[in-house]
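My notes follow the model below.

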Amino acid sequence: MSVTDTDTGAGGPHDKTSRAGRNLPVAILVGAALGGGVIASLVYARYAFVGILSAGVLFGTLEVYQRVRTAGYVIPVVPLLVGGQATLWLTWPFSTSGALAGFGGTVVVCMMWRLLSPHGRTAATEAEPPPANYLRDVSVTVFLGAWLALFASFAALLVYQHDGAGRVFSLAVGVVSSDVGGYAAGVLFGRHPMVPAISPKKTWEGLVGSLVLGVAATTLSVTYLAGKPWWIGALLGLALVVTDTLGDLVESQVKRDLGIKDMGRLLPGHGGVLDRFDGFLPSAVVAWIVLTLLP
């Protein structure tokens, strides 16, 4: 979960947990370890970053699958998992065409798999009724495939460029700076909730902090590491703050629909994989658009 989701305050002087119930020291250590792994991959073997994305997509999909299955959804998990890996890895030899082919093929197979699946049917009769809730389940399946594998593929597409390490680092530093700026400003100045119905701990003051630090950090990173004009860095920073914040809100709303606090427990202090990378995934799409399509 982004730290901006807990940007309105912290516990007492002897309380290690934030108001969101997180163990802050543990969360910082885990976050530093994840960040260190990403930076090491970009510095020493940037294509290894695709492997990190692959693991995130795999474990994130499994976490969400467990949650939606408990809520009564019938998801064709085998083609979703296999197709998610295909969507990501096909970007290596085929670039954007590989991502499109992998995602399109995943949707087709999942549609057929769910149609022929015996799960979710009503009581068996001689007429063998069609699957129950077919449209609902397929819609959620396609949503999950796009949310995790397809969005992650845009981050992979960034790293293949000749300055790919700088581009991915600009994406990562923009998202992290948005989170840190929002958390700090929210703790110090947060008074006015931004969207209390979805995430009551987010404040407008926190958003301002996200904008200040996120835009500044991304502008510097894009200028000096990705070799782009400063105005592209500023535009990307603004876009990343928006997508990071909205990505966190989207996951918060999904969890509200499912009646859960975290998507999983794999990352101590953060929850599940998607709880940590909820803002990164949609931000990867925007980063690829800005850094690839603008001159």
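**Helix packing and cavities**

Helix 7 and helix 8 are oblique to each other. I looked up the angle behind that word: their axes cross at roughly 140° and come within 7 Å. Only angles over 145 degrees count as roughly antiparallel, so this pair stays in the oblique class. Helix 7 covers residues 204-225, and it passes helix 8 in a right-handed crossing. I keep in mind that the model is predicted.

Next I took helix 8 by itself. It runs over residues 230-258, which is 29 residues. From its first C-alpha to its last it reaches 42 Å, close to the 42 Å expected at 1.5 Å a residue. After helix 8 comes G259, and I noted that its phi is positive, near 70°.

I then asked which way helix 8 lies against helix 10, residues 280-293. The two pack at an angle of about 155°, with their axes 8 Å apart. Helix 8 and helix 10 are therefore roughly antiparallel to each other. Helix 8 passes helix 10 in a right-handed crossing.

Last, I turned to the cavities. How many of 30 Å³ or more does a search of the whole structure find? It finds 2. The largest cavity has a volume of about 70 Å³. I wrote down its lining: T61, L80, G83, G84, T87, F103, T106, L144, G145, L148 and A149. The elements that give two or more residues to this lining are helix 3 (77-89), helix 4 (91-116) and helix 5 (134-159). Sorting the lining by class, I have 5 nonpolar residues, 6 polar and no charged ones.

Conventions. Residues numbered from 1 in each chain as written. Predicted model: local features only at pLDDT ≥ 70, side-chain atom pairs only at ≥ 80, totals over all residues. Heavy atoms only, no water. 1 Å grid on protein atoms, 1.4 Å probe; cavity = no way out; pocket = protein on both sides within 12 Å on 5 of 7 lines; lining within 4 Å. Points joined across faces, edges and corners; volume = space filled by probe spheres on them. Helix = DSSP H or I, 4+ residues; strand = E, 2+ residues; numbered from the N terminus. Nonpolar A, V, L, I, M, F, W, Y, C, P; charged D, E, K, R; others polar. Expected span 1.5 Å × (residues − 1). Axes fitted to C-alpha atoms, helices over the stretch in contact; angles between N-to-C directions. Parallel < 35°, antiparallel > 145°, perpendicular 65-115°, else oblique. Left-handed = near helix turned anticlockwise from the far one by under 90°.
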